[in-house]
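Q: I have a new model open and I'm new to this. Please walk me through it in short steps.

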Amino acid sequence: MTISDETRAFIEREEQILRETLAKLEDQLQYQSRREARESKRARDLTSRLVAASRDEDKQMIASDEAVSHQLLGAQRSEIKRINKLLKKPYFARIVLSENRDGREVKIEYKVGYKANPDCRIIDWRTAPLSKLYYEYAEGDEYCEVVQGLLREGRVELRNTLEIKDQELVGIACRYGKFRKVEGKWQMVEDRIGGRHRVGELPDVLSLITPEQFKAITEEANSAVLIQGVAGSGKTTVALYRLAWLLHEKQDELKADDAIIIVKSRPLKLYIENSLGSLNLTGVKVVTFNEWMNNALKLIAGDSDLETSTELEDEPRSIKRLKTSSALLNAFKEHIITEKLQVVSAMEALDWKSLPQGMKKLFENLKLSNAPVLQIIIELQDATGRAQQAVNPASSFAGALVRFKEELKRIRALLPGYPEFIGNLLAREELILSNDQTRLINRELVRDGREYTLGRYAEGKLSKSDAVLTVLLYQLRSGGAITPGGKPGNYAAMVIDEVQDFSSAALAVMANAVRSPNLLTLAGDIEQQIGDGAAFPGWQALQQQWFSNEQQASYVKLTVSHRSTVQIMRFADYIRGRTQQRSGRKGRPPIWFRCYSENSGVRSVIEWLEKALERYPHDLTAVLCRDIQTAKFALSLLKPRFGPLVRLGDDDSFSFEEGIVVSAIKQVKGLEFTNVLIWNPSGKFYDGSRISRNMLYVAATRAEDNLCIVTWGRPSPLLPAGDSGLVRLCALDDQEEGSYA
């Protein structure tokens, strides 16, 4: 489509503004580099003078000057680093505001970027009062907002979304439409502007964030945020931007190493780690849940009867369903309360009159503060030690403190280890059944669970569910998570991704590891739950369990996919059995090779992959299978043809290098690929059940641009009809039509 002269001039003006901005940044860089060189020389000279000085008073004066010089040098180098970052990614949007000041119209320009630079009129997107005008208002809208304590009224005169790559404007969305520079020429396009990314990194969707997403990101710092979104809607990225905003908003009290991001799989961990720098989250720890749990188990081993060599194992699904249920979690908490009441009652019966008055007062204060039972015991033990050092060894207090210390040791020994605790809890059948709202738990299951757990523990075996409950027991008794130092403590902020794949107990363990539930950001999608009985309690239950009326969480629902083309999303929506997405980035419908035999199917796989590698030599293509065993089999068939270009992607070894990765669907949740091939979604394994429907949905929505389905044998009933318009059907064998009639 031909671009009008008016539009061309508009784009050229935007290109000129970018060149002027980059020139200013280059000038700043040269200026700061000269200052850095002068200060570096001054620091070296001062160091030489300090070494040569003989008088103490001279050394003190020179040392003071040297310290100041090194501080200035550090600041200048930080500024140079910041300018270099801006030169690579200066800004992603530009707005012009029109305001009336003292009876005259004033136009004010702001560029929205990743770092602020006042001289270039670039504002940090995290400066919410100003960036809000870009995110929440359209061009032509009138606004009335409080910015830095002042009421600002006016109109958004211009609002351009920009894509800048290698210091060149390559995309713009403006009043005239969307345009992209292709081979040096501007063309009108229908796809998104912004949000593109390198292989193995999260997409940069800052320019695409909707008003609802921006509100979720910049929600009051003391409010938790629950983000539910369709596949590709950017929920993980929004959650991480929320954390970046918190670190910026509360920088005086919240540091990067106080925050943690917990994910389900190692590939997703690597994916997020690759993106931390671009998200301004350098220093934030990213861990898988299993890594976090294993570390916690090692740290508490010294305070429990748990052996670090205890082997973690899976358990029967029915037992897992019991131990991951909300019913057991609620009964668990009630049992802890009962245990604490028994311990406190035993402590109240002690001979407090023979002790220094401060001991009883400390005990009463701990009770009033609702301190956990271990905290009460430990603080009293510490106070006893201090009192013993302070009192006269010949006084009556000395002997009383010795006896009191022994009593505290005896009372602490009343707290059973995990096997006895869980055995006692599972013996309280009525308590568990009364907390079961699903009516899926019965007495027989509770008894089987008790017998199985105690029997396996006696053999030195601990299930993964028991590992979670062991850590939860320690947390509820001690009042915090287990920090790397081995002491109870709490993170200042936490992001949990793929939340739908965690059980109530697992979520409780993570929630207990943050200072307040209001410092949590949770992201997930119930329609992507593909675990085997993870027992996610649901979004509504999460709000009821964790947040009181005074601590309400903000719930955000993201409904538009930025990842996949609209044709891929329509196919995915059909699988989910819901209304199909109508708008989005245009592309081609998925192609379906419907084959009669496995040999024919494998040939089709190879031919499609050859074309994908030819057209996208620098991108990553994924072959997705129902499980890792199938992935290994598929790899063995593809390896002779593709050699080192094809590799397995599992939890132990996942690479984002160009080529072909063959993996299980559960391994790639949260990831995205230019091309995706789904390996034989047959009716045998994708039978229409909720889990198989979710698995096929997850697989399809990993694709950004191209999706291929290859089947042999009887295909899954979840796939659409060949004439539905949702797929391009290619039936390769004449025999097939009669076979499936």
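A: Let's begin with one term. Buried means under 20% relative accessible area, exposed means over 50%, and partly exposed is in between, using a 1.4 Å probe and protein chains only.

Q: Where do these coordinates come from, and what should I keep in mind?
A: This is a predicted model: local features need pLDDT of at least 70, and side-chain atom pairs count only at pLDDT 80 or more, while totals for chains, interfaces and linings use all residues. Residues are numbered from 1 along each chain as its sequence is written, and side-chain values use heavy atoms, leaving out hydrogens and water.

Q: OK. R180 and E163: buried or exposed?
A: Both are buried. Their side chains also meet in a salt bridge, 3.2 Å from N to O. That term means a side-chain nitrogen of Lys or Arg within 4 Å of a carboxyl oxygen of Asp or Glu.

Q: Where do R180 and E163 lie?
A: R180 is in strand β7 (residues 177-182) and E163 is in strand β5 (residues 150-165), so the pair ties together parts 17 residues apart in sequence. Strands (E, at least two residues) and helices (H or I, at least four) are DSSP runs, numbered from the N terminus.

Q: How many salt bridges are there in the whole structure?
A: A search finds 39. One of them joins E145 and K132, at 3.3 Å from N to O. E145 sits in strand β4 (residues 142-147) and K132 in helix α3 (residues 128-135), 13 residues apart. E145 has 15% relative accessibility, so it counts as buried. K132 has 24%, so it counts as partly exposed.

Q: What about E672 and R563?
A: They form a salt bridge too, with the closest N and O atoms 2.8 Å apart. The two residues are 109 places apart: E672 is in the loop between β22 (659-664) and β23 (673-679), and R563 is in the loop between β18 (554-558) and α19. Both are buried.

Q: New topic. What domains are there?
A: The assignment gives domain 1 (5-87), domain 2 (93-203), domain 3 (214-312 + 461-558), domain 4 (317-433) and domain 5 (566-731). Such bounds come from an automatic or database domain assignment.

Q: How many residues of domain 3 and domain 5 are in contact?
A: 19 residues of domain 3 are in contact with 24 residues of domain 5. Contact means heavy atoms within 4.5 Å. The two domains bury about 1800 Å² between them, 53% of it on carbon and sulfur atoms. Buried area is the accessible area (1.4 Å probe) that two parts lose on being put together, summed over both.

Q: How many salt bridges link domain 3 and domain 5?
A: The count is 3. Elsewhere in my notes on salt bridges, R576 pairs with E527, with the closest N and O atoms 3.5 Å apart.

Q: Which helix holds R576, and why is that helix called largely enclosed?
A: R576 is one of the buried residues of α19. In α19 (residues 566-576), 9 of the 11 residues are buried, so the helix is largely enclosed by the rest of the structure. What covers those buried residues includes α22 (690-700) and β24 (703-712).

Q: What follows α19?
A: G577 does, and its phi is positive, near 75°.

Q: Last one. What does T384 touch?
A: Leaving aside neighbours within four places in sequence, T384 is in contact with M359, L401, F404, K405 and L408. T384 is in helix α11 (residues 373-390). At 0% relative accessibility, T384 counts as buried.
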